[in-house]
Amino acid sequence: MSDKYLKHYAEPEINSLKNITAVYQHCICIPAFDESTVFISRVIGFIERHPASLLIIVLNQPSDKSKSDCSTNNNLTCQQLLQNSGQSAWTNQNLQLVNYHNQSAVLIVDRFSEGLTIPANQGVGLARKIAADLALQLISQKVISCPWIYSTDADVRLPDNYFALHRQEKSPSGKGKTESVAAFVAHYEHISLGSNEIYQATQVYQARLNAYVDGLRYADSAYAFHTLGSTLCVNEKHYAQAVFNNHCTNHNHDCTETCVEYVKKKLEAKQSLRSTKVPSCRFWFFHVVTINSKRTVSYTHLTLPTNR
């Protein structure tokens, strides 16, 4: 399935991944749009503390932004800092591999320069997919040894035991046997470093996200979990299978009738959720996953407990 997906559905950047001789243990995918350089020292410090880690950063910009937009300057500044703080090891088209200490590296993907921008209606979803497709290709080339694709955001602070998230590769099925895990969706917490007013607004926002999942749980949905790209860890085999399957799904439903968030016809929505036929617009490749509810993830500060 991975080979078929890479051949027919992966983003074109994967074709540039040639002649990379290094081998990495883990990979992290981060889409970055209009970010300040503050996050760079944090993520570089993280991968340097974890030997042979590869960070894939997709610096992106929507096609409807002008060339003079400040987001272009921010992307360019981030790109230059990433290049200058390490040692360039490999370049091909819009990809550049930069080495850092402890055999770790950053793969910089330029999707902000003229002619390389992302379609305005695809945004961070496509940027995250580009990074994940690159990770999948590198796993297939045995450049990355761990088959789990970690996905997060630039504003997340990762704990030192972050890569322990995938190690529970089996979970109880409730029927006396274990089942394979396709992905982990970690719990998270929004923490505001700004004013009290911002903090209160952030807590309201998180409460709303939690209420959405509570609604799914109330409807007995098999998909009662958060679908935030910054909290994901996906097995490469299931990533290829789920994205491949959803490429064949048409967006032909009415979101206001089938999604709990915009529910109008409550009975129909509840029946739809119970049937586990959840609209692909909401869940995309986060298809059928097993949740490890004992792990925690935070925005700006992320922790994973040592007890498993």
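Two strands are said to pair if DSSP finds at least two bridges between them. Helices (H or I, at least four residues) and strands (E, at least two) are DSSP runs, numbered from the N terminus.

## Basis of the report

This is a predicted model, in which local features need pLDDT of at least 70, side-chain atom pairs count only at pLDDT 80 or more, and totals for chains, interfaces and linings use all residues. Residues are numbered from 1 along each chain as its sequence is written, and side-chain values use heavy atoms, with hydrogens and water left out.

Eight strands form an open sheet in the order 3-4-5-2-1-6-10-9, with mixed pairing. Strand 3 (87-92) and strand 9 (183-185) are at the edges with a single partner strand each, so one side of each has no neighbour in the sheet. On average, neighbouring strands of this sheet are turned by 20 degrees against each other, direction ignored. Axes here are lines fitted to C-alpha atoms, for helices over the stretch in contact, and angles run from 0 to 180 degrees between N-to-C directions.

## Strand 5 and its partners

Strand 4 (residues 95-99) and strand 5 run antiparallel and are joined by five bridges; Leu97, for example, has Leu107 as its bridge partner. The two strands form a hairpin with five residues between them, and Asn102 in the turn has a positive phi of about 65 degrees. With strand 2 (residues 53-60), strand 5 pairs in the parallel sense over seven bridges.

Strand 5 (residues 105-111) is mostly covered, as seven of its seven residues are buried (under 20% relative accessible area, with exposed over 50% and partly exposed in between; 1.4 Å probe, protein chains only). In a regular strand, side chains alternate between the two faces of the sheet. Here Ala105, Leu107, Val109 and Arg111 are buried on one side, and Val106, Ile108 and Asp110 on the other.

Helix 2 (residues 38-49) lies across strand 1 (26-32), strand 2 and strand 5, at about 160 degrees to strand 2.

## Aromatic pairs

The structure holds nine aromatic pairs. Rings of Phe, Tyr and Trp (its six-membered ring) pair if their centres lie within 6.5 Å; planes under 30 degrees apart count as stacked, over 60 as edge-to-face and the rest as tilted. Tyr5 and Tyr239 form an edge-to-face pair, 5.8 Å centre to centre with 80 degrees between the planes. Tyr5 lies in helix 1 (residues 2-8) and Tyr239 in helix 6 (residues 236-247), so the pair ties together parts 234 residues apart in sequence. Both Tyr5 and Tyr239 are buried.

Methods:
Contact means heavy atoms within 4.5 Å.
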